[in-house]
2 protein chains.
Amino acid sequence: MRRDVFQAIADPTRRAIIGLLALQAMTPNAIAENFDSTRQAISKHIKILNECQLIKQKQNGREIYYHFNPKQMKEVDLWMEQFRKLWETRFEQLDNLLENLEPKKS
Amino acid sequence: MRRDVFQAIADPTRRAIIGLLALQAMTPNAIAENFDSTRQAISKHIKILNECQLIKQKQNGREIYYHFNPKQMKEVDLWMEQFRKLWETRFEQLDNLLENLEPKKS
DNA sequence: TATAAGCGAAACCAATCGGTTGCGCAAATG
DNA sequence: CATTTGCGCAACCGATTGGTTTCGCTTATA
């Protein structure tokens with residue numbers, strides 16, 4: 001199934017999983033040990049991350065190692081690019097100024 | 001209500017609204033004209049964006065002008081920072097190499 | 001070969017989501 | 001002053017979400 005990356009990273013548990021897998025490849029059991037919910041719940045998160053290719057798998061016998069795939073994160077970065085210039089400090093003061101201006105009456 | 005920025009930008013309609021408001025401040029009616037759904041549906045999106053302060057409002061009579069607030073987007077950028085070094089091209093080849101390596105047998 | 005371990009899939013459930021219609025209120029307009 | 005306009009809110013609805021338990025398959029181990 002095709003998945004939206006933005007929707008995939010919306011869940012805090014999934015973001016934490018991505019954080020783990022960015023450091024090292026891990027099996028579902030190993031990942032699940034870091035959370036309170038069941039292995040199956042984590043497995044569903046893994047499935048979603050896998051579907052939008054934020055992570056990739058490598059089977060090794062009965063174990064499956066999942067690892068982070070940075071490429072798909074580019075989509076998020078690309079979208080944010082249009083705003084990046086806006087949050088730099090030199091623009092913040094202008095922003096605050098505009099915020100306090102009365103909108104022009106028609 | 002306190003809202004998660006990641007969850008707020010998960011919805012494509014809300015991302016589109018942010019895109020509009022980054023260009024210029026707009027009233028709910030003006031925003032809604034750009035979409036197929038009702039003004040009330042858009043208003044709910046606006047409410048969510050407002051709750052996590054991705055947008056801010058400025059009342060002018062019976063009209064409310066909403067505008068983009070770049071500051072809150074920093075949280076997303078900050079989280080992505082840890083991965084940014086991973087998707088640069090010089091690392092992609094190493095990534096592909098690691099992907100094709102057999103996991104070490106225990 | 002019997003048993004245990006690692007994993008995904010399915011069925012189920014309460015909570016949340018994104019949409020709708022209908023309403024009420026304050027501000028603008030005739 | 002009556003009417004229109006701009007807006008938020010509440011109630012409702014089907015779909016999706018994130019969790020659980022149960023199950024079955026494959027691979028490792030005793």
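**Close-up views of the DNA surface and the aromatic pairs**

**View 1. Protein surface around DNA strand C.** Sugar or phosphate accounts for 60% of the atoms of DNA strand C within 4 Å of the protein, and bases supply the rest. The model is predicted: local features need pLDDT of at least 70, side-chain atom pairs count only at pLDDT 80 or more, and totals for chains, interfaces and linings use all residues. Side-chain values use heavy atoms, without hydrogens and water. DNA strand C is surrounded by 23 residues, a residue being near a strand if one of its heavy atoms lies within 4 Å of it. The closest are Ser43(A), Tyr66(A), Thr38(B), Lys44(B) and His45(B). The surface near DNA strand C comprises four nonpolar, ten polar and nine charged residues (nonpolar: Ala, Val, Leu, Ile, Met, Phe, Trp, Tyr, Cys and Pro; charged: Asp, Glu, Lys and Arg; polar: the others, Gly among them).

**View 2. Side chains at the phosphates of DNA strand C.** An N or O atom in the side chain of Ser43(A) is 2.6 Å from a phosphate oxygen of DNA strand C. For the side chain of Asn29(A) the corresponding distance is 2.8 Å, and for that of Arg14(B) it is 3.2 Å. Two or more residues of this surface come from each of helix H3 (28–32), helix H4 (39–51) and strand S2 (63–68) of chain A, and from helix H4 (39–51) of chain B (helices, H or I of at least four residues, and strands, E of at least two, are DSSP runs numbered from the N terminus).

**View 3. The aromatic pair of Phe6(A) and Trp79(A).** The whole structure holds six aromatic pairs over all chains (rings of Phe, Tyr and Trp, the last by its six-membered ring, with centres within 6.5 Å; planes under 30 degrees apart count as stacked, over 60 as edge-to-face and the rest as tilted). Phe6(A) and Trp79(A) are edge-to-face, because their ring centres are 5.5 Å apart and their planes lie at 85°. Phe6(A) belongs to helix H1 (residues 5–8) of chain A and Trp79(A) to helix H5 (residues 74–84) of chain A, so the pair ties together parts that are 73 residues apart in sequence. Phe6(A) is buried at 2% relative accessibility, and Trp79(A) is buried at 14% (buried: under 20% relative accessible area, 1.4 Å probe, protein chains only).

**View 4. Arginine charges over Phe6 rings.** The charged end of Arg15(A) sits over the ring of Phe6(B), 3.9 Å from its centre (NZ of Lys or CZ of Arg within 6 Å of the ring centre and within 35 degrees of the ring normal). Arg15(B) lies over the face of Phe6(A), 3.9 Å from the ring centre.

Methods:
Residues are numbered from 1 along each chain as its sequence is written. Chains are lettered from A and ligands numbered from 1 in the order in which they are written. A polar contact is a pair of N or O atoms within 3.5 Å; within protein, one must be able to donate a hydrogen and the other to accept it, and residues adjacent in sequence count only if both atoms are side-chain atoms. Buried means under 20% relative accessible area, exposed over 50%, partly exposed in between (1.4 Å probe, protein chains only).
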